[in-house]
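Open the model in your viewer and keep the selection tool at hand. Follow the stops in order.

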Amino acid sequence: MEATVRKDVKRLIVVLLAAFLYAVDIRTFIRAGNLFPGGVTGIAILIQRVFEKYLSIRLSYTAINLILNAFPIYIGFRFLGKKFTIYSMIMIVANSFFVDLLPAYSITNDVLLASIFGGILSGAAISMCLLVDATSGGTDFIAIYLSQEKGRDSFNLILAMNAVVLCIAGVLFGWQRALYSIIFQFVSTEILHLLYRNYQQQTLFIITNRAEEITRWIYRECHHGATIIDAKGSFDQADRQLVYSVVSGEESRRVIRAVHEIDPHAFINSIRTTEVRGSFYLRPHE
C-alpha cells in the first residue's frame with residue numbers, strides 16, 4: 001500500500017512538472033516564433049489567434065483546451081484505462097492553468113532556434129508524461145489507442161494528421177510560420193521516439209547454452225514468448241542454441257542485462273523491428 005502511494009505521488013509530481021514545462025514552452029518558444037504545435041494544443045492556439053486577429057476577442061486557452069480534449073478523454077476512459085486518463089486530465093488542466101497564468105517571455109527572436117528548442121522541450125514534456133503512464137491529452141490519446149490496436153508506433157501518423165492544422169495556419173497567418181512549425185513538430189516527434197520506446201519493438205537473436213533459463217525469464221518478466229532454435233557454430237562446429245524473441249524497445253535493455261547475468265558468454269544481436277503482425281503483448285494502462 002505504501003509503495004503504491006509513493007508511486008502515485010511520484011507520478012503526480014512528474015505530471016505537474018511536465019505540465020509546467022509544456023506551458024513554459026508555449027509561452028516562450030511557441031509564442032516567440034508564432035509557431036503552431038501539433039495536436040489539440042495547436043488547434044487551441046490556432047483558434048485563439050484567429051479570434052484575436054480577426055475578431056479582436058481574446059479567448060481563454062483553458063476553456064478552448066478543455067473543450068477540445070473532451071472527446072479524447074472519452075477515448076481514454078473507454079479504451080485506455082481510468083487511472084491513466086485521470087492523470088492525463090490532471091496534465092491537461094494543470095497545463096491549461098499554467099499557460100493562462102504564466103507571463104509571455106521571448107528567449108530568442110530567431111524563429112529557427114525557437115522551432116528547434118521549442119520542439120525539444122515539447123518532446124521532453126510529452127515523454128515525461130508517457131514514462132509515468134499519462135499523456136498530454138488530445139491526439140496523444142488517439143496515438144496510444146492506435147499503437148495498442150495496431151501493435152506499432154503510431155505517433156508518426158499523428159504527425160501526418162497535424163499537417164491539416166498547419167495548412168490552415170499557413171493560409172491564415174502565412175506559410176513561413178507554418179513551415180517552421182513543421183520543424184518544431186518533427187523535432188518534438190524525434191525527441192519522443194528517443195525518450196519513449198514502449199510502442200517500438202526490438203527483435204533479439206541470442207546465441208547461448210542456457211536457452212531454457214533465458215526464455216523462462218523473458219516470459220515471466222515481460223510476458224513475451226520466445227523460440228529456441230538448434231544451431232551450430234561455423235568456426236568450431238559446436239552445438240549452440242538460438243533464442244529468438246520480440247520485445248518492446250523499453251524492455252529490450254532489461255532483457256539484454258538479464259541475459260548477460262544468466263549467461264555472461266551469450267552473444268546478442270538486437271534489431272529494430274518496424275512492424276509486428278500477430279499476437280504481441282502490450283502492458284495495459286491502469
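Select Glu 213. Glu 213 is partly exposed, at a relative accessible area of 32%; buried means under 20%, exposed over 50% and partly exposed in between, with a 1.4 Å probe and protein chains only. The rule for a salt bridge is a side-chain nitrogen of Lys or Arg within 4 Å of a carboxyl oxygen of Asp or Glu. Arg 210 is also partly exposed, at 35% relative accessible area.

Two notes before moving on. This is a predicted model, in which local features need pLDDT of at least 70 and side-chain atom pairs count only at pLDDT 80 or more, while totals for chains, interfaces and linings use all residues. Residues are numbered from 1 along each chain as its sequence is written, and side-chain values use heavy atoms, leaving out hydrogens and water.

Go to Asp 8 and Lys 83, whose side chains meet in one of them at 3.1 Å, N to O. Asp 8 lies in helix H1 (residues 2-32) and Lys 83 in helix H5 (residues 82-101), so the pair ties together parts 75 residues apart in sequence. Helices here are DSSP runs (H or I, at least four residues), numbered from the N terminus. Is Asp 8 buried or exposed? Asp 8 is buried, with a relative accessible area of 19%. Lys 83 counts as partly exposed, at 26%.

Next, select Glu 52 and Arg 58. Their side chains meet in a salt bridge at 3.0 Å, N to O. Glu 52 is partly exposed at 42%, and Arg 58 is exposed at 56%.

**Rings**

Show Phe 36 and Arg 49. The charged end of Arg 49 sits over the Phe 36 ring, 4.7 Å from its centre. That label requires NZ of Lys or CZ of Arg within 6 Å of the ring centre and within 35 degrees of the ring normal.

The structure holds 6 aromatic pairs. Select Phe 97 and Phe 98: this pair is tilted, at 6.0 Å centre to centre and 55° between the planes. Rings of Phe, Tyr and Trp (its six-membered ring) pair if their centres lie within 6.5 Å; planes under 30 degrees apart count as stacked, over 60 as edge-to-face and the rest as tilted. Ring pairs link Phe 20, Phe 97 and Phe 98 into a cluster.

**A nonpolar patch**

Colour Leu 112, Leu 113, Ile 116, Phe 117, Ile 120 and Ile 183. They make a nonpolar surface patch of about 440 Å². Patch residues have over 30% relative accessible area and no salt bridge; nonpolar side chains (Val, Leu, Ile, Met, Phe, Trp, Tyr) are joined within 5 Å. Helix H6 (residues 111-131) gives the largest share, 5 residues. Ile 120 is in H6, and counts as partly exposed at 34%.

**Helix H9**

Select residues 175-195. Helix H9 has 21 residues and reaches 30 Å from first C-alpha to last, close to the 30 Å expected at 1.5 Å a residue. The expected span is 1.5 Å times one less than the number of residues. Its buried residues include Phe 184, Val 187, Ile 191 and Leu 192.

**Last stop**

Finish at Ile 67, in helix H3 (residues 61-68). Ile 67 counts as exposed, at 64% relative accessibility.

How values were computed. Helix = DSSP H or I, 4+ residues; strand = E, 2+ residues; numbered from the N terminus. Patch = residues over 30% accessible without salt bridge, like charges linked within 9 Å, V, L, I, M, F, W, Y side chains within 5 Å. Areas by Shrake-Rupley, 256 points an atom, 1.4 Å probe, with all protein chains shown as cover.
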